[in-house]
2 protein chains.
Amino acid sequence: MSLNLKTYTEHFTNPLYLESGRILQPYDIIYETYGVLNEDKSNVIVICHALTGSHHVAGVYEDETKAGWWDGLIGSGKTIDTDKYFVICTNVIGSCFGSTGPISMQVSYNEPYRYKFPVITIKDMVKAQRILFDRLGIHRVEAIIGGSMGGMQALQFAIHYPNFANKIIALATTHATQPWAIAFNKVASEAILRDPDFKDGYYDPEIIKEQGLSGMAVGRMAGHISFLSHESMDEKFGREYKLTDGLYELFGKFQVESYLEYNGYNFSKWFDPLAYLYITKAINIYDLSRGFDSLADAMRKITAKLYLISFSNDLLFRNFEMKELADALKSIKNKNHTYIDIQSDYGHDAFLVELEKFEHHIKEALDGN
Amino acid sequence: MSLNLKTYTEHFTNPLYLESGRILQPYDIIYETYGVLNEDKSNVIVICHALTGSHHVAGVYEDETKAGWWDGLIGSGKTIDTDKYFVICTNVIGSCFGSTGPISMQVSYNEPYRYKFPVITIKDMVKAQRILFDRLGIHRVEAIIGGSMGGMQALQFAIHYPNFANKIIALATTHATQPWAIAFNKVASEAILRDPDFKDGYYDPEIIKEQGLSGMAVGRMAGHISFLSHESMDEKFGREYKLTDGLYELFGKFQVESYLEYNGYNFSKWFDPLAYLYITKAINIYDLSRGFDSLADAMRKITAKLYLISFSNDLLFRNFEMKELADALKSIKNKNHTYIDIQSDYGHDAFLVELEKFEHHIKEALDGN
């Protein structure tokens with residue numbers, strides 16, 4: 001069978017009431033589906049994307065060569081088998097790939113929101129998805145799966161819509177963003193804000209597409225450090241120097257520098273800097289316990305079976321942060337959960353690149369009751 | 001007795017032959033001394049500074065309130081006792097506090113070197129110091145002590161001037177800079193280079209002094225992350241939010257963000273961006289084994305007693321990098337050395353802020369034979 005990739009956009013005219021007290025109205029959500037929805041709509045799996053991810057999680061578009069960001073995991077006969085499951089992934093609100101975000105046109109002003117866009121939280125992202133699924137007639141799903149910010153969404157689903165999913169699988173994430181991660185986001189946001197081409201959000205979108213925003217590139221380089229680990233850098237780059245460069249040239253480069261430069265500048269052409277500011281803000285203020293007496297108190301609402309998967313040397317969201325979640329669950333009676341720490345040298349990136357280390361755990365979770 | 005702080009500048013007209021094959025001529029070295037040189041000049045201790053440090057290692061200048069960067073360690077009755085020792089610290093060439101660097105005037109052009117300044121290595125920094133000491137009639141010293149880039153200098157002294165020091169004490173450093181550290185330097189150098197006020201090195205020094213260079217500030221923020229650790233950030237900042245800021249304000253700040261912002265922008269007013277590019281370059285290409293068959297081969301030249309002190313959760317120069325040095329020493333017969341790993345949560349900054357954890361080791365080293 002084929003992947004049956006389809007992309008849709010839904011338009012919503014009702015107000016979306018945000019955690020901040022503000023509203024978003026109207027708004028769009030773009031999403032992608034794979035596989036076929038069965039008759040009783042009982043075969044749905046929701047995938048949630050990370051900071052710079054999109055709804056394009058699997059398959060290859062006709063005019064492109066690069067596959068979706070979790071293509072290794074999702075497809076016909078793969079771990080998340082599209083012959084069996086109907087998989088949906090939406091682009092979060094606040095992002096820049098089709099769902100409403102800070103560069104979207106503000107209705108009745110006929111210009112982009114920019115800083116007028118309200119601060120969005122992970123809970124808001126999840127609420128918007130829940131409303132979309134409602135419209136699609138999907139009131140309960142088999143599983144919600146996500147890594148990093150996608151894991152944050154999966155956990156928010158578990159707490160705020162406890163009857164919505166049978167299983168929640170959260171990878172490489174945390175219960176509340178810690179200062180180390182906030183610090184890296186700060187470097188990126190400062191680099192963006194201080195770039196004169198950013199112009200307080202009044203940048204020329206065409207310039208971004210053509211040459212990128214160097215502040216965004218610098219911020220992304222810092223981000224890449226946080227996604228890697230000492231071990232993966234030692235392994236990947238060591239002290240290799242670019243063959244064409246002389247050691248005593250001021251701008252001669254080590255391989256690790258070339259890697260950061262290439263990926264940083266490339267990224268700055270395809271990701272919107274305002275969306276970066278808004279999504280990192282959502283990540284920074286993410287805290288599952290907000291509105292509850294404690295983390296355990298928040299956890300008490302969960303009825304889904306929870307699977308927590310951390311990676312041993314993830315420096316962005318440390319494995320012990322996932323362990324704290326597991327411990328909070330343990331402290332409550334009858335909370336069905338599994339916590340697995342995967343030995344990996346890849347750092348945070350492991351959830352994207354070391355599929356072979358954890359895909360069997362996802363398969364077991366989906367096959368189990 | 002008093003600290004007897006004195007600051008001098010020496011001018012050199014002979015060429016300094018650099019590792020790159022280029023020469024620096026003429027050049028100045030600024031240095032500071034504490035205590036009194038005894039008659040047979042046998043009580044000298046050399047201190048080497050880190051990336052953004054200076055020759056001002058102890059005491060307080062008349063018109064200032066802030067003490068030198070290792071003031072807790074050096075002074076009358078302190079661990080490095082200026083009643084007993086004559087302490088010298090020079091500002092490295094390539095820096096911006098009085099020794100010749102990229103913002104120094106290029107003789108016969110009557111304008112600063114800028115990019116015409118040659119790439120300097122740690123070995124070059126050490127060579128220039130050795131020539132200064134020669135002029136001062138100091139041909140052998142009791143100890144050379146330094147942390148971070150200061151430790152790199154101490155180790156280069158040990159290898160390239162094996163008869164110069166009785167003891168070498170290197171803290172929080174490495175035998176060759178690894179990609180993790182190079183990556184952080186890359187973020188800083190890109191941030192500097194992309195700042196339009198940097199103007200390829202043709203910036204206005206007055207603007208730097210008054211408002212700083214925002215690219216330098218962004219780079220320093222990344223630097224601060226590398227100096228800290230998850231644990232020290234959790235302890236220092238947690239998820240504390242600035243009291244005056246609202247959680248849902250896009251530019252509302254966590255304490256960790258305020259810390260980075262304050263220190264980053266403050267730093268950008270007192271440190272020169274060209275010097276930052278040149279000194280981080282020296283750090284990036286630092287490798288004790290360069291010119292030798294192996295690290296052990298380089299170590300074979302050492303005759304001084306070596307003290308290696310690492311800090312357990314230093315993320316910039318990991319303790320196992322020091323351990324590799326110690327292991328290389330162990331593999332050679334009769335190499336007198338001590339390796340100590342200090343348990344600390346402070347990350348790389350420990351060598352500057354947790355004196356109480358290691359000063360007794362320095363005292364023991366100085367008191368021993």
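**View 1. The open sheet of chain B has 8 strands.** Strands here are DSSP runs of E with at least two residues, helices are runs of H or I with at least four, and both are numbered from the N terminus. Two strands count as paired if DSSP finds at least two bridges between them. Strand 1 (6–12) and strand 14 (337–342) of chain B each have a single partner strand, so one side of each lacks a neighbour in the sheet. From one strand to the next, the twist averages 20°. This is a predicted model, in which local features need pLDDT of at least 70 and side-chain atom pairs count only at pLDDT 80 or more, while totals for chains, interfaces and linings use all residues. Residues are numbered from 1 along each chain as its sequence is written, and chains are lettered from A and ligands numbered from 1 in the order in which they are written.

**View 2. Strand 4 meets strand 8 in chain B.** Strand 4 (residues 27–34) and strand 8 (residues 86–90) of chain B run antiparallel and are joined by 4 bridges. To find one pairing, look for B:Tyr31, whose bridge partner in strand 8 is B:Thr90.

**View 3. Helix 12 of chain B has a buried side and an exposed face.** A residue is buried if 20 or more other C-beta atoms lie within 10 Å of its own, exposed if 12 or fewer, and partly exposed in between, with C-beta atoms placed from the backbone. The buried residues are B:Phe358, B:Ile362 and B:Leu366. They cover an arc of only 95° around the axis, which puts them on the same side of helix 12; the arc is that of the directions from the helix axis to the C-beta atoms. These buried residues pack against strand 11, strand 12, strand 13 and strand 14 of chain B. Turned away from them are the exposed B:Glu356, B:His360, B:Glu364 and B:Asp367.

**View 4. Strand 13 pairs with strand 14 in chain A.** Strand 13 (residues 305–311) and strand 14 of chain A are parallel, with 6 bridges. Here A:Tyr307 has A:Thr338 of strand 14 as its bridge partner.

Notes. Axes are lines fitted to C-alpha atoms, for helices over the stretch in contact, and angles run from 0 to 180 degrees between N-to-C directions. Two residues are in contact if their C-beta atoms, placed from the backbone, lie within 7 Å.
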